[in-house]
Amino acid sequence: MSSHGERSPEAELGLLDATMIGMGAMIGAGIFVLTGLAAEIAGPAALLVFVLNGVVTAFTALSYAELASAIPKSGGGYAFVREVFADLPSFIMGWLLWFAYMVAGGLYALGFAPNFLELLHVYGITAPPSEVGAVAVPVIDVGIPVGIGLAFGAVLLLVSLNAASTAASGSVETIFTAIKVSILVVFVGYGVTSPQFSGAEFQPLFPGEKTALSILPAMGLTFIAFEGYDLITTVTEEVKNPRENIPKAIFISLAVTLVVYVAVVSVAIGTLGSVGLADAGEAGIAQAATSFMPSFPVIGNGGAVIVFGAVFSTLTALNAVVIASSRVAFSMGREGQLLPSFGQIHHRFGTPFWAIIASAVVMLSSVVLPTQSAGNMSSLFFLLSFVIVNGSVIKLRRERPDMARPYELPYYPITPILGIALNLLLTGVLVVYLLRTDVLALLLSVGWVALGILAYYGLRALGDSEEGTGQQTAVAEDD
Amino acid sequence: MTQDKSVLIVGGGRVGFQTAELLADRGHKITIIERDPATCEALTDEWMATVIQGDATNPEILAQGGLEKADVVAGLTGQSGVNLAVCMMATRLSPDARTVARIDHGDGAGYKQFVDAIVYPERAGARVAANEIVGSDVQTLADVTGTLDIMEVLVEEGAPAAGKRLADVRFPAGTLVISDDDGERVAQPDTELRPGRRYVVAVEPDVVDEVMNLLRG
C-alpha cells in the first residue's frame, strides 16, 4: 500500500532476549575454541582460569550495569565513554573496542575451520583435521591452508548477509543460544556419567613446572570469552524497560555463563585430560565429545552433535561480532569520530553498510593470524577498554553526582577500582607473556593504536578544513 | 555530517517531557535537569534522556547537565523566571549554545534580546519547542490524533537517500513520503529526493531516527 519498498522495524526485546544476547556471545566460540588453549598453558587449572575470569569480569559487569541504566544510549562501552570523556580518550575507546570485536571475528572464524573439518571427519567425508593439508589453488601457484580458506569464507558469508539486510532479530538469537546451551547440557550429561570421566585428571592441579602463576597468562588469553555484556548494552535501545532489564540481563547472563563454563571445562578435562585437550587445540571440546559419546541412529557418531554445536556456535558468535563491530564503527561515524559515511544507513539495504565493510576488511586480514595471536590481541583490547569503562563510572560519579542512576553499583568506589586494578593486572601479565611468546600480536596491537591516533588527527584536520571553506554545520567535529 | 544535536532541557514536566520525547525519537542527545524526585523517576523510566536531579539555577547543577557540550539549552519549566535565568546563565557560560525559553505571559517580544527563541506552550505546545530547537530543516506539520508524525524535512546534501528515486530507497516500515519536492504533487515511485528540497513525510515514532538518518545524514 505504499509507494516505496519497506523493511520491517526491529522487534522489542524482553529480559529473556537481552539475557540470551549476552549469553549467546559468551557461551559461543569462547568455550569451544579457547578451552584447549587454556589447558595448554594452565593444565587442569584451566578450570580455575574460567572461574577467576568470571570473577574479574563481574566487577566490570557492575560498571556496565550502572552506566547502561543511567545513560540512555545504545552503542555499548563506546557510547558511555563518549558521554564521560573528552574527544581523544573516547575515540581511543571506540577504536580499541572496534578492533577487539574485529579480531574476535577472526578468532571465531579460525575456531570455526577446524571444528568444521572435524564435523566432515566425523561423517567420514575427509581425513582427520590434522591430516588435511593445503589446497592447491589452480590459477595462482600457491597453496592456501584449508583452515584459513574456510575461515575467510565464513567471514565473507556473514559479512555479506549483514551488509545486505538488517541484523537477525533478538528472537532468532534466543533460539540459537537455546540450541547452544542444550547441546552443552547434553555434553555435560554424557560426560559426567561416562566411565572415562575421572577426578584423577585434576590431580595434580598444577603438573610439572606449572604453578599457580601460570593461571594468569591463560586468564589473559581467554578473557575474550567474557565480552558478552558489552554486546547487551549495544542493543539497549531495543530492550523493553531497559533501566531494570539491562542490569538484570547482565547479571543473569554472567552467572549462567559461569555455571555452564565450569561444567563444560570440568567434563572436558575429566574425560580427555588436560594434555589431550591441549593437543586438540581449537577442536578440544569436539574431540572430548567424540571420545565418550555413544552412537545415535541417523546422526551417527555421538560426537557429531557436539561438533555440530561447535560449528554452529562459532558461526553465531562470528555473526554477533560482525554486528557488534559494525555498530561501534556506526556510532563513531554518527559522532563524527570516524568518516561520516560510517554513521549512515545505506539507502537500499537499510544497514550501516560502510561500517560493516570497513570492519570486514580488518576481520578478513586477521584470519591469517594464528588463533592464539587473534585471541591474545582481542583479549588485550577488551581488557584495556574495560579499564576505561570502570574509569567512566568513577569520573561520572565525581563530575555529575546528581545524575539519576536507576541502578547504582554497590561499595563504590571499591568495586570499580578493583575492576580497574584486576583488568590492569591481567593486561600487564598478558603483555609480559606476549613479549616472550607472541611479539607479532604485540606489534600489531601497538600499530593499531598508532594508526588510530593518526586517523584521529587526520580526520580532525579534514573536519577543520571543511569548516573553513564552507558554512557547513561541522559542529560534530568540535563538540 | 551528523545532524544530531546535544540538547539540555531544564524542566521535565509536561512540556519538557514531551519535547524530550520528540527530540529523542529524532536521534538527538537529550539531558534533562529536573528538581522533583518523583518526576525524575518517571523520566528515567522512559530511558530517553540523561537525567540530573536538582535545581538548574544552581550553577553546579547546570554544569552537570553538560553545558559545555550542549548545542541548545531550553528552559521549559512552568516558571518563566527560572527559564530566563537558565538561558542567560547558559549564554554566559557557553556563548555558542542556542537558547530557547518557555514564557507563559505577555507577548514575549521584549525577551528576544536575551534568548534566541521563545515558546508559548498555550499556543503551540511541545511540538513547536522541538521545531525551534532543531531549526527549520525539520518541521512537524500536524498533530495527528495518535502518535504519527507528519513533518516537512529538508533533504540534506550527502545524506544516504539524497538524489535517489523513492523506488530505490527502502525506508523502514512505518514511513510514507507524501509530497513531491516543495509540495506541488503527491510523491510517486520515480520522485527524486533532491538535496536542498523539502518533502512532507509521515513517520511512526519508532522509526523517525532511521528516517532522519536517510534524509539528513
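**View 1. Accessible surface of chain B.** In this predicted model, chain B has an accessible surface of about 9000 Å². Carbon and sulfur atoms account for 46% of that surface. Of the 217 residues in chain B, 54% are buried.

**View 2. Charges of chain B.** Chain B carries 20 positive and 35 negative charges. The mean position of the positive charges and that of the negative charges lie 4 Å apart.

**View 3. Fold and dimensions of chain B.** The chain contains 6 helices and 11 strands. Its radius of gyration is 18 Å, close to the 17 Å that the globule rule gives for 217 residues, so chain B is as compact as a globular protein of that length. Among contacts in chain B with a separation of 6 or more, 56% join residues 24 or more positions apart.

**View 4. The largest nonpolar core.** This core has 191 residues. Trp98(A) and Phe187(A) are the residues with the most contacts inside it. Helix 5 of chain A, residues 87-122, gives the largest share of the core, with 20 residues.

**View 5. Surroundings of Trp98(A).** Leaving aside residues up to four places away in sequence, Trp98(A) touches Ser325(A), Val328(A), Ala329(A) and Leu338(A), among others. Phe342(A), Ala358(A), Ser359(A) and Trp448(A) are also touched by Trp98(A).

Notes
Residues are numbered from 1 along each chain as its sequence is written. Chains are lettered from A and ligands numbered from 1 in the order in which they are written. This is a predicted model: local features need pLDDT of at least 70, side-chain atom pairs count only at pLDDT 80 or more; totals for chains, interfaces and linings use all residues. Side-chain values use heavy atoms; hydrogens and water are left out. Helices (H or I, at least four residues) and strands (E, at least two) are DSSP runs, numbered from the N terminus. The radius of gyration is taken over C-alpha atoms; the globule rule is 2.2 Å times the number of residues to the power 0.38. Buried means under 20% relative accessible area, exposed over 50%, partly exposed in between (1.4 Å probe, protein chains only). Contact means heavy atoms within 4.5 Å. Accessible areas come from the Shrake-Rupley method with a 1.4 Å probe; for residues, only the protein chains shown count as cover. Lys and Arg count as positive and Asp and Glu as negative; His and the chain ends are not counted. The place of a charge is taken as NZ of Lys, CZ of Arg, CG of Asp or CD of Glu. A nonpolar core is a set of buried Ala, Val, Leu, Ile, Met, Phe, Trp, Tyr and Cys residues joined through side-chain atoms within 4.5 Å.
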